[in-house]
Amino acid sequence: MYLSPHALSPVPLQDVSIDDPFWSPKLKTLREVTLPDVLAKFERDGALTNFDRVRDHQTGGHSGPPWYDGLVYETMRAASDIMAAHYDAALNAELHTRLEGYIARIAAAAAVDPNGYLNTYTQLERPEHRFGQNGGDQIWQHDLYNAGALIEAAVHHVRATGQTNLLRVAARYASHLSDVMGPQPRRNIVPEHPLPEEALVKLYLLFREQPTLHEAMGFPVDVSRFLQLVEFWLEQRGRYEGRVPLSIPQCGATYAQDHQPLLQQETAEGHAVRAALLYTGLVAAAMVNRRDDYFRAALRLWDNAVHRRMHITGSVGSNQSYEGFGPDYFLPEDAYLETCAAVGMGFFHQAMTLAFANGRFADELERSLYNGVLTGVSLKGDTYFYENPLTSEGRERWAWHGCPCCPPMLLKILSALGSYIYAYDETGLYVNLYIGSHATFNLQGKTVHLSQRTAYPWEEETAFTFELPEPARFELALRIPGWCIGAQVKVNGRTADIAVRNGYARLIRTWQTGDHVELRLPLPVQRIEAHPLVEAARGKRAIMRGPLVYAMEGIDNPRPTDLILAADPRFTTEWRPDVLGGVRIVRGESADGSRWSAIPFYAIGNRGKTPMRVWLRQTLAPNISTVQWSQEELYRTAAL
Ligand code: FUB
Ligand code: ZN
C-alpha cells in the first residue's frame, strides 16, 4: 500500500490573528507574564552569562544543566513567533531589543570557534569532548540538541523579523555539523536528544524558499547537505558511535530510541520527549523527499504511542525513572507525564496532520493542547508543573526548577498556536482547530479572508465568514472531532449535507464574499471508558466535555479520591466567569446521592495544594467489557 501522504501547508502565524474568548486571554498572559518570567529567570541564573564566558575564553563555571543553551534558544523561538503574530507594536519593539542583546552575546560566543561550534557546557567544562567524542557523554552534554534549538530559533527569527544575524550563526554551525558527521570519512554521530532533525529540515526549507538569504550569509551554504545529514541521523539511529546506554539502566538503549534502526521500530520507547521530537523530525524529513518508508515508520509509531501508550490528557511518558514510555496499556493514574512530552506529541500530531490531511491527527493535537500542555502553566502564568499525573494528594506548582525545560517547550507550542488553526492545499482550506481568528490565505492565486467566531470549547456554535476579491470554487474542510456525534453545518442559513471524509466535513462550492458557514458541534458531558487492558482505569470513568478532560479537586469536593460516581450521574454544567479565569463547571451525582463538581484538568493546581483526581470509580459492576475494542481505541465514550 502506498501511503499517499497529502501534505498540507499551514497558514502561517503572520497571516492569522487570534481573537478568541478562550485563547486570547491565555495568550496575553503567555506573552505578558510567562515569556518575561522565563527570560528573567534564565538571565538571573546565568544562562546568558555562559555565552559571555565562552566569548571571554574562560573555562569552568558553567551555570545550569548542559542543555541551558537550548532552553534559551527555545524561548527565543517562542519570542520570535510572538513577534510574528504581531500582537502589539510596543511588545514587538521590546522583544526586538531584548533578542538583539541575546543574539549579540550568542554570536560573540560562536565567533570564538573558527567553525562556529557552540555549546557552552562542553566548551567551559569538557572542551575535549565535543559531540561526545574522545570518551565524552553526549547524552549528558546535549551538543546536538542545543545546536538544533539554535537552528530552529534562527529560522523562526528570520520568519518573524527578516533579520539574518542569528541565522548566520546557525547556518555556519549547521555547515560545520555537515562537515563533521555523516557517511565515512565523516563521523558516525547522531543527536542524543532529538530536535535537530526537524530544525535542519526547517533550515533547508527556509533557504529553499528564500534563496536571497545565501547572499546575506557571507559564506557558502550548501543546504542539500542539511537534508542529507538529517536522513543520515534518522537512519543511523541505533547504529552510531557513542550509543548510550549503560548509564540508563532502567531502559538501556531504548532511552534515546537507539535500540534498533528507527525505520524498523514498531513501538514508542524510551524517554518520551526524545521520542516525540524524533518522530516529529521523521515526518518533517519524510515530507521533503516524500519518503514512503519514513511515513510508514511514523504512522506505526504514532499508532502505538497514541492508541496504547498515551493518557487521556494527551500526555505520554508514564515512567518516572527514565521519563519515558512504559509497555502497552501501562497507564497508571500517578504517571509521570512531563509537560515537555505532551508538547512534543503536539508537534508530532501537527506534523502528521499536515502530512496526511486527516482530522484524527488534529484531534490528538487538540487533546494535547487543551489538557496535557495547558495544565503545565498556572493561570497567572508564572508557576509551572513538570509532571502531570492524573491523581494526586495535592501538589504545588513551582516558580522555577533545576531543569526548567518545560516552560520553554510550552512557550514554543503556544506561541505557534495561530499556525495550527488552518492549513491548505491546492484544492481547499482545512480548519483544524476551533479558535476565533481572522486568516488570510492564498488559494488558486486569489487572496481569501476567512473569519472564525466561536466560544469553543465552552459553546457549541462556530461561525465562518468569507471575503474574496471574486468568487472562487474550493473545498472548505471542517474537522469533525472523533468524539463528536451529530455535528451540523449550515451554509448561508441552509442545512448542508455533510460528507465526513478523513475526519473533515467537506463543503465544495463556489465561495463569495459574505458567505457564511455555521458549524454546531454538540458538547454533551461524556463519561469515558479506557480500554479494558488499562488496569489502572478498570471500573472507572473519566469525564470529558468536548476536548476538555475534567478533574475533581478537593477544594470543591471533600474526598475526590474516594468519590464514586452514581450509575446515572445526571450531569449539569454551569458557566462560571468568576472561577479560574472563566470555566464551565460540570456537576453530577455520587453513588451516595451527594453532588460533586469538576473543573477542566488544565485549570488544576491554581487554588493551593488540594487532592485531585481524573479517573473516578463508578457504581457499575467492575467494567467487564463485552464490546470488542478495535486496535485504534484507547478511550471511548462509555455506554451510558
Ligand atoms: O534533556 C533536555 C530536557 O530536559 C528533556 O527533554 C527533558 O525531559 C529534561 O530532561
Ligand atoms: Zn520538560
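A crossing counts as left-handed if the near helix is turned anticlockwise from the far one by less than a right angle, and as right-handed if clockwise. Helices (H or I, at least four residues) and strands (E, at least two) are DSSP runs, numbered from the N terminus. Bear in mind that this is a predicted model, where local features need pLDDT of at least 70, side-chain atom pairs count only at pLDDT 80 or more, and totals for chains, interfaces and linings use all residues. Residues are numbered from 1 along each chain as its sequence is written, chains are lettered from A and ligands numbered from 1 in the order in which they are written, and side-chain values use heavy atoms, with hydrogens and water left out.

**Stop one: a helix pair.** Select α1 (residues 23-44) and α16 (residues 406-415). Their crossing is left-handed, at roughly 145°, and the axes come within 10 Å (axes are lines fitted to C-alpha atoms, for helices over the stretch in contact, and angles run from 0 to 180 degrees between N-to-C directions). Now show side chains: W23, L27 and F42 are among the α1 residues in contact, and P407, L410 and L414 among those of α16 (contact means heavy atoms within 4.5 Å). By class, you're looking at eleven nonpolar, two polar and no charged residues.

**Stop two: the zinc.** Which residues coordinate the zinc ion (ligand 2)? Pick E338 (OE), C340 (SG), C405 (SG) and C406 (SG), at 2.0 to 2.3 Å; donors are N, O and S atoms within 2.8 Å of the metal (3.2 Å for Na, K and Ca), and water is not among the atoms, so sites may look incomplete. The zinc site is tetrahedral, with angles of 93 to 122° among its four donor atoms (four donors count as tetrahedral if all angles lie between 85 and 135 degrees). C340 sits in α14 (residues 339-356) and C406 in α16, so this pair ties together parts that are 66 residues apart in sequence. Both are buried: C340 has a relative accessible area of 2%, and C406 is at 1% (buried is under 20%, exposed over 50%, partly exposed in between, with a 1.4 Å probe and protein chains only).

Most residues other than glycine have a negative phi, and most peptide bonds are trans. Go to Q184 and P185, joined by a cis peptide bond with omega about 10°. Another cis bond joins Y456 and P457, with omega about 5°. Finish at N134, with a positive phi of about 55°; N134 is exposed, at 62% relative accessibility.

How values were computed:
Tetrahedral: all angles 85-135°; square planar, octahedral: opposite > 155°, others 65-115°. Nonpolar A, V, L, I, M, F, W, Y, C, P; charged D, E, K, R; others polar.
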